[in-house]
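Dear colleague,

Please find below the structure that I am handing over to you.

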Amino acid sequence: MQAIIDGVGDAQRVHAIDLGIQMGVQWAILMDHLASRRHPPCERLVISAVTKLETTVSETRRWLTSFAESLSLPFSFNAVVVSDMGRLKSDMFTEAADVVVVYSSMMLYRLIVKQEELVSLLKVLKTLNPRVMAVAELEASQNSTSFVARFVEALFYNGAFFDALDAFMGREDGDRRRIESEFCGEGIRSVVAAEGEERIVRQVKIGVWRSFFGRFGAEEVGLNRWAEYQAGLIVGGFGSGGRHCTIEMDGKALIVGWKGTPLHSISAWKFG
């Protein structure tokens, strides 16, 4: 979000595109920033959520609209409904804006197996020419054609992830069970029990994303030191368990890990 705020600058009409919004709580940070900015004031914030079903974002729409009203922030929410990312078109985003920003969290890796959709999405984003595109992805190399290489990588990655869950969540916690079964379970099955098109979950590291984004003229934007400092504060807020979280820079990207094992990458991009 700090990268998004930096990209917005003093723009008065902001259009934010979220490629997988879920509950959308992350946008509260930008909304609070825009509402408190006086010179110049924000004339309107538009959030467009790309989704397969409009009903899945109805609660998010209500929550964000209510939050904007509490801040007296001019706001509108759009659901951009597409069956897959290959059907997304630039003319689906018609709102007039001074600045367009894009947010993608843990979504692009699901399109690695769907190269045509991934390429189509990047072409659309390039056409929209966002001031900044913030991307959070899994930092793992689990796309090898070699089963042994995938297995070893998955063993270390998931071992670190399960260890982190154990430090912060009880074993009977319903949310933990959902994370393990839906998030981890799907990835593990793709590594050990699937091949070819059936291997639907594939993960790559930031270096691969750099090469891919570069094909579309995207240039990596350095995260400022304030963003790194904020990440450290968040980690510190987790008490004793937080000391095992690691935050490092890989070039211009932020890498979040557990006991030295990278788990997530956070990067920002602009299109030339």
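The largest nonpolar core contains 47 residues, and those with the most contacts inside it are Leu19, Val50, Leu88, Leu121, Trp209 and Phe213. A nonpolar core is a set of buried Ala, Val, Leu, Ile, Met, Phe, Trp, Tyr and Cys residues joined through side-chain atoms within 4.5 Å, where buried means under 20% relative accessible area with a 1.4 Å probe, protein chains only. Among the elements that give two or more residues to this core are α4 (115–128), α7 (206–214) and β9 (261–271); helices are DSSP runs of H or I with at least four residues, and strands are runs of E with at least two, numbered from the N terminus. The most comes from α4, with 7 residues.

Leaving aside neighbours within four places in sequence, Trp209 is in contact (heavy atoms within 4.5 Å) with Leu108, Tyr109, Ile112, Leu118, Glu137 and Val204. A second, separate core of 30 residues includes Ala16, Leu34, Ala49 and Val132.

The model is predicted: local features need pLDDT of at least 70, side-chain atom pairs count only at pLDDT 80 or more, and totals for chains, interfaces and linings use all residues. Residues are numbered from 1 along each chain as its sequence is written, and side-chain values use heavy atoms, with hydrogens and water left out.

Key:
Buried means under 20% relative accessible area, exposed over 50%, partly exposed in between (1.4 Å probe, protein chains only).
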